[in-house]
Amino acid sequence: MTKGVLVLEDSSRFEGVSFGAARNSIGEVVFNTAMNGYPEGLSDPSFMGQILLETYPMIGNYGMPKETRDANQISEEYESDRIWVQGLICADYSTHYSHWDASSSLADKLIENGTPALSGIDTRALTKHLREKGSMKGTILIEGVTEEPVDELFETRNLVACASINEPIIYGSGATRIAMIDCGVKNNMLRQLIRPEVTLIRLPWDYDLSSVEYDALFISNGPGDPTKCGKTISMIRDCYNDSKPIMGICMGNQLMALAAGANIYKLKYGHRSHNQPVMECDTKRCFITSQNHSFAVDNSTIPSDWQCSYINLNDHTNEGLQHKTKPFFSVQFHPEACGGPTDTLFLFDQFIHTAVNR
């Protein structure tokens, strides 16, 4: 078997065995504590530019599902049309998979997408190292491969521009028109918003909203640093002059905060799991959420006409914003989680109800 090594920017080395594409790669090394859903995680655009460390010890045991598409040509098994991660790290890779819906092994899918992967890594030691030092740049080097890795880190590129679409896409023909700013949207967000009463207008990240007729605005998740999306932030700020309903998720929460005048900061190692507890500030209700983000909103900088709507019960970071008088709200977690908890799926119903009945 071909050997490989993960080298962190502090010179730490973690040796393993290659089971993906024979390609060197560089990215921000992040860990995910979820116990299921590697097909969804690998195809989540929010992981663009990152090397994903899966803490669950057994990866690949159920292979990769065959892809089917719904009436809107949206994949029913994956969160996008490709694998976005710069690389995959795991402790044990199951070379034999078994699942009624599997069409290929994980290794074959990774090779098809040009994604390197290493198994046999002490993921516990690597995770503890990242928790102490924080997320950092890492390089996967495959034995015998001499090519230089391509740097796709968010420090150097606007990853939202890479993950977004190039031209508008329209779904449905309902009476209520919802404009979506696609920053790297997950397919399950599309599935939650496409309803009989809705026309969903999916737009590139920097599309001129003033040229679009819409009743409500949705801002999706996406990869990288939100401060690089100056055009999007400016457009959202202009939308605040109106009273059309606005909802944002993950990157959408951060962009809405920046447009309102708040600040954001980079977390030490981010939130990436299916079991993050958050509390709704008004009702004190607790929800279990799925999360995947590197940045957070600084609660101390939220303007007086906004309020923090949810907080993380692990580290008390911001998990949502709510305007005090207008129908604008956002959440840092993922209500549409797939796989993952669906405690907060009602937020889509709440947003669409407001849009339809405004």
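Because it is a prediction, local features need pLDDT of at least 70 and side-chain atom pairs count only at pLDDT 80 or more, while totals for chains, interfaces and linings use all residues. Residues are numbered from 1 along each chain as its sequence is written, and side-chain values use heavy atoms, with hydrogens and water left out.

**The barrel**

- Let's start with a closed barrel of seven strands, in the order β1-β2-β10-β7-β4-β3-β11, with mixed pairing. On average, neighbouring strands of this sheet are turned by 35° against each other, direction ignored.
- Helices (H or I, at least four residues) and strands (E, at least two) are DSSP runs, numbered from the N terminus. Two strands pair if DSSP finds at least two bridges between them.
- β3 (residues 25-32) pairs with β4 (residues 50-54) in the parallel sense, over five bridges. Phe31 stands opposite Leu53 of β4.
- UniProt, in an unreviewed entry, puts "domain: Carbamoyl-phosphate synthase small subunit N-terminal" at residues 2-141. UniProt positions are given in the numbering used here, feature names are shortened, and annotations may be inferred rather than shown by experiment.
- That span, residues 2-141, is 16% helix and 33% strand, and its end C-alpha atoms lie 11 Å apart.

**Helix α3, on the sheet**

- Helix α3 (residues 123-133) packs on the sheet and touches β1 (3-8), β2 (13-18), β3, β4, β7 (87-89) and β11 (136-142). Contact means heavy atoms within 4.5 Å.
- The direction of α3 makes about 125° with that of β4. Such axes are lines fitted to C-alpha atoms, for helices over the stretch in contact, and angles run from 0 to 180 degrees between N-to-C directions.
- Which residues of α3 are buried? They are Thr123, Leu126, Thr127, His129 and Leu130. Seen down the helix axis, the buried residues of α3 fall within an arc of 160°, so they line one face of the helix. The arc is that of the directions from the helix axis to the C-beta atoms.
- Over on the other side of α3, Arg124, Lys128 and Glu132 are exposed. Buried means under 20% relative accessible area, exposed over 50%, and partly exposed in between (1.4 Å probe, protein chains only).
- Take Thr123 in α3: with 8% relative accessibility, Thr123 counts as buried. Not counting residues up to four places away in sequence, Thr123 touches Leu53, Glu54, Thr55, Cys90 and Ala91.
- After α3 comes Gly134, with a positive phi near 95°.

**A loop residue, Glu9**

- Glu9 sits in the loop between β1 and β2. Is Glu9 buried or exposed? Its relative accessibility is 55%, so Glu9 counts as exposed.
- Setting aside neighbours within four places in sequence, Glu9 is in contact with Met136 and Lys137.
- Glu9 and Gly138 are 129 residues apart along the chain, and their C-alpha atoms are separated by 5.9 Å.

**The listed binding site**

- In an unreviewed entry, UniProt lists Ser46, Gly222, Gly224, Met251, Gln254, Asn292 and Phe295 under "binding site".
- These residues span 250 residues in sequence, yet no two of their C-alpha atoms are more than 13.5 Å apart, so they gather at one spot.
- Ser46 lies in the loop between α1 (38-42) and β4, and Ser46 is buried at a relative accessible area of 5%. Beyond residues up to four places away in sequence, Ser46 touches Asn221, Gly222, Pro223 and Asn292.
- Met251 belongs to helix α7 (residues 251-260) and is buried at 1% relative accessibility. Leaving out neighbours within four places in sequence, the contacts of Met251 include Cys183, Gly222 and Gly224.

**The β17-β18 hairpin**

- β17 and β18 form a hairpin with five residues between them, and Lys284 in the turn has a positive phi of about 65°. Their antiparallel pairing runs over ten bridges, and His271 has His293 in β18 as its bridge partner.
- How many residues of β18 (residues 286-297) are buried? Ten of its twelve are, making the strand mostly covered.
- Gly270 is found in β17 (residues 264-280) and is buried, with a relative accessible area of 10%. Neighbours within four places in sequence aside, Gly270 is in contact with His293 and Ser294.
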